Amino acid sequence: MASNVDERPVIDEEAYYHDASLGATWTASRTAVAMVATLYGGIAFAFFYLRSLNSNGQWNPNHITASTIIGTTILVLMVVAALVNYFGARRLRRGMVVDWQVAAAFTALFVLVAGGMQIWELTRLPFQPSSFGYASVFVAFGPVNAFAILLSAYWAETAVMQSVRIKKLAITDGGLGLSSLPVAEKFRANVDGLSFFLNGMALITIVFYVIFYVIA
Amino acid sequence: MAIDMSQSTGVGQSGGAGGSSAARWFARGNIFTATLFGAGGWFFGHWWGNVIAGHYTSVQNSGTNDVSWLLGAIFAVVAWFIGLGALNHPIAKLWGGEAPMAEKKQKYSIMEYFSYSTDHKVVGIQYLFAMLMYFFVAGLLALGIRTELLSPTYHIWGPDTYIEIVGEHGTMMMMMMTSIIMGPFGNFLVPLMIGSKRMAFPRLEAASFWFTVPAFFFLLSALWQGGFQSGWTGYAPLSIQGGVGQDAYLFSFTLMALSMLAASTNMVATIINYRAPGMRWSRLSVLTWGMITTAFTMILSVPVLIDGLYVMGMDRAVQTSMLYGQHGGSPFLWENLFWFFGHPEVYLLALPGFAITTEILPVFARKPVFALKTSIAGMIGVATLSFFVWQHHLFNSGMNPDMRPLFMLSTELISIPTGFLYLVGMGTVWRGRLRFNVPMLFMLAVFFNFLWGGITGVYNSDVPVDALIHGSFFVMAHFHFTIMGQLMFAVFGAIYYYTPLFFGIKLSEKLGKIHFWTMFVAFNSTFLPLFIVGWLGQPRRVFEYAARLQTLNQWVSISAYVLGLSLAFFVVTFIWQLVVTRPKSEPNPWDSRGLEWQVGIPVPKDNFDRIPVILSSPYEYGNPNAGPMADLSPTVASVGSDA
């Protein structure tokens with residue numbers, strides 16, 4: 001710290017705004033999860049509302065669901081992606097950057113495949129969009145889910161690419177996982193935000209698996 | 001911070017030759033490239049939609065259907081953002097890079113205001129002009145309504161056109177005006193009020209503004225596409241049976257929803273993380289409290305609106321049947337999703353209005369805010385309770401009757417925190433040394449107008465009364481008093497108050513008082529009789545009415561014209577003073593203690609030379625021992641020192 005030349009407080013502007021930006025990343029990732037959860041919440045409301053009304057007995061008269069195999073695959077991919085990322089992030093905090101990069105690359109891949117599977121599932125539905133209530137809500141859910149999953153894939157991919165690009169900057173300071181350089185701390189804040197978002201998405205995927213494939 | 005109307009100072013680079021800087025500006029992306037790209041996107045999406053769903057004809061022989069319309073609109077907006085240069089950053093991130101942000105400048109050319117600026121002060125001014133434009137267009141539509149209602153038998157418009165105008169007016173006001181305080185004043189002032197040099201997410205902030213422009217034009221386009229007969233509430237089954245004008249409604253509303261989410265995420269992150277040292281929560285300005293409360297309410301309610309609009313869009317374009325009872329859906333699904341957002345939305349309009357009123361009142365009362373914490377509790381209370389009242393909109397449309405008392409109670413409860421806000425205002429002016437400048441007149445009018453809107457609101461929430469007056473002009477008068485009478489008066493007061501900070505000029509008191517008194521009298525003369533008209537049974541959204549109500553309707557229409565003239569007077573005098581006479585303002589013309597006023601005029605490009613240290617509350621008026629609010633030049637550690 002520079003020496004205090006008088007009685008007034010001393011502020012390091014660069015450090016101050018760096019800390020603020022770390023906090024903003026934390027806040028934004030939590031806010032993003034709140035928004036996405038509310039978005040999915042509306043769909044859950046539509047599901048339970050129409051299911052309880054069962055207008056004209058047309059909620060799901062023949063108890064048909066979308067492909068359970070594809071649904072289960074999406075569920076597994078999302079949960080595994082969140083777990084891989086979680087353990088990768090733990091290793092990053094211990095300084096093992098390459099481990100994290102591999103884990104995050106697999107995370108991005110798993111999530112990308114999950115998004116692709118969600119789109120593919122929409123092309124293989126055993127019902128038409130207007131066949132009955134469940135069918136309609138599922139057809140509405142599919143694109144939202146695919147979009148949110150692909151957004152997670154984008155975030156994971158950009159984090160991996162960012163780590164590749166800035167890796168050398170922190171190499172003499174303990175690497176991206178341990179360095180106290182602002183660029184490394186920002187990167188770790190981004191990874192933390194990504195982990196939180198992916199965990200939220202995994203939880204949402206579990207809840208909606210139960211909704212669309214178990215309760216139906 | 002000032003708009004230089006007289007000369008081109010260039011954009012992006014200072015000191016460059018005019019021609020080359022203009023070329024750089026054009027290459028960087030701006031409203032013109034965005035429009036060009038957007039038009040291309042529209043044609044591509046529309047063509048593609050017709051390729052994949054050409055047999056879904058919504059309007060005979062039009063070559064248009066919901067799929068082609070919606071795809072056209074989606075591609076248009078994506079291309080619009082490409083044209084603005086907004087997607088450079090997210091695309092660069094795919095390769096781990098980061099698109100550079102333009103340097104902030106002390107003085108911007110007029111062109112900068114038509115580009116994707118990441119300077120919060122520029123965004124604030126962009127919002128100000130855009131929101132005023134949206135408001136005045138919607139106001140002109142209101143005059144169209146009143147012209148039709150001059151006579152119960154002689155018609156200017158056909159019934160379809162009339163309902164189109166009503167729907168367009170209502171949607172434009174309710175949809176676009178959600179950002180009329182957070183957009184201009186929140187973006188411009190919050191960093192100044194919390195002692196920050198920047199926003200947390202400037203790109204998100206810019207995006208929030210640039211969503212509003214296509215939202216407005218898409219919504220306006222509904223007028224020549226058959227409109228939307230469902231009105232601003234978009235009830236099914238009308239909404240799933242209407243023509244492509246309904247697509248314009250749902251799409252533009254979705255864009256505004258995205259704008260609100262972007263703005264509120266940025267606002268929350270900024271207020272929580274970018275407060276200057278010493279800026280405790282107890283020292284935060286009321287406007288900042290209003291912004292963060294509003295932002296949280298948006299974050300938790302707007303996604304549900306997106307769900308509702310998405311459900312409507314899917315029913316229309318993909319033939320799902322979520323709003324169609326015969327195939328397992330229900331039109332009530334829309335009502336629930338819509339009002340879960342729609343009622344908090346009323347408070348998204350009202351809360352910032354109260355916040356800015358409470359911000360300005362103590363300056364002119366020369367007293368601290370009375371019971372400041374109560375005011376904050378009131379805002380949080382209103383925001384929280386607003387999520388538990390939505391079903392009062394369904395009292396008459398078939399909800400379970402046993403649920404009515406619960407929602408009647410929750411709705412009545414909300415009058416308690418609202419009362420806090422009202423009484424805080426009254427307590428602040430009580431025994432104050434009042435200065436009746438133009439901003440203060442508008443703020444006092446807020447309380448007069450809101451009294452009518454608030455008291456009638458308590459009656460409206462009672463099921464028996466609601467059953468009687470539902471869908472009548474009484475309800476219409478109620479919400480115009482709570483929204484236009486409260487919010488818009490607060491906005492105009494704030495414009496007069498903050499013009500020195502925004503533009504370096506001080507608007508004429510004399511002209512401002514003419515504007516205020518004509519607007520105040522004409523507003524009350526327009527909307528007070530509508531309580532009677534509604535009480536006597538005139539329904540909303542119907543272009544014919546009983547002959548016995550003609551005199552009252554004519555009175556209202558003529559008053560509405562006077563109100564329109566008053567607003568036109570404001571536009572002319574505002575632009576005249578801004579562009580031609582430019583009456584220079586002193587740095588702190590209202591003698592405010594607020595941090596935003598301590599930085600000087602024009603506001604420096606980084607707001608503060610150094611991060612300020614906050615020492616006391618901004619409302620210590622009348623306290624002779626009160627020190628300054630902040631130390632604006634604290635000692636700064638050398639950049640790059642080991643923190």
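This is a predicted model: local features need pLDDT of at least 70, side-chain atom pairs count only at pLDDT 80 or more; totals for chains, interfaces and linings use all residues.
Visitor: How is chain B divided into domains?
Guide: Into domain 1, residues 30–83, and domain 2, residues 117–597.

Visitor: What separates the centres of the two domains?
Guide: Over C-alpha atoms, the centres of domain 1 and domain 2 of chain B are 30 Å apart.

Visitor: And how many residues are in contact between them?
Guide: On the domain 1 side 16 residues, in contact with 18 residues of domain 2 of chain B.

Visitor: What about the largest nonpolar core, how many residues has it?
Guide: That core has 273 residues. Phe212(A), Phe185(B) and Tyr498(B) have the most contacts inside it. Helix H18 of chain B, residues 473–503, gives the largest share, 22 residues. Domain 1 and domain 2 of chain B each supply at least three residues to this core.

Visitor: Which residues is Phe185(B) in contact with?
Guide: Setting aside neighbours within four places in sequence, Phe185(B) is in contact with residues including Leu128(B), Ile356(B), Val491(B), Ile495(B) and Tyr498(B).

Visitor: Now Glu596(B). Where is it found?
Guide: Glu596(B) sits in the loop between H20 and E3 of chain B.

Visitor: Buried or exposed?
Guide: Glu596(B) counts as buried because its relative accessible area is 2%, and the cut-off for buried is under 20%.

Visitor: What is it in contact with?
Guide: Beyond its neighbours within four places in sequence, Glu596(B) is in contact with Leu189(B), Leu192(B), Met193(B), Glu359(B), Tyr498(B) and Leu501(B).

Visitor: And Arg593(B), where is that found?
Guide: Arg593(B) is in the loop between helix H20 (550–581) and strand E3 (613–614) of chain B.

Visitor: Which side chain of opposite charge is nearest to Arg593(B)?
Guide: Glu620(B), at 6.0 Å. Arg593(B) is buried and has no salt bridge, as a salt bridge needs the atoms within 4 Å.

Visitor: What lies 2.9 Å from a polar atom of its side chain?
Guide: For Arg593(B), that is the backbone oxygen of Ser617(B). Not counting residues up to four places away in sequence, Arg593(B) also touches other residues, among them Gln598(B), Pro618(B), Tyr619(B), Tyr621(B) and Met629(B).

Visitor: Change of topic. Where is Thr161(B)?
Guide: In helix H6 of chain B, residues 159–176. Thr161(B) is 114 residues from Trp47(B) in sequence and 29 Å from it in space, C-alpha to C-alpha.

How values were computed: Residues are numbered from 1 along each chain as its sequence is written. Chains are lettered from A and ligands numbered from 1 in the order in which they are written. Side-chain values use heavy atoms; hydrogens and water are left out. Helices (H or I, at least four residues) and strands (E, at least two) are DSSP runs, numbered from the N terminus. Buried means under 20% relative accessible area, exposed over 50%, partly exposed in between (1.4 Å probe, protein chains only). Lys and Arg count as positive and Asp and Glu as negative; His and the chain ends are not counted. A polar contact is a pair of N or O atoms within 3.5 Å; within protein, one must be able to donate a hydrogen and the other to accept it, and residues adjacent in sequence count only if both atoms are side-chain atoms. Contact means heavy atoms within 4.5 Å. A nonpolar core is a set of buried Ala, Val, Leu, Ile, Met, Phe, Trp, Tyr and Cys residues joined through side-chain atoms within 4.5 Å. Domain bounds come from an automatic or database domain assignment.
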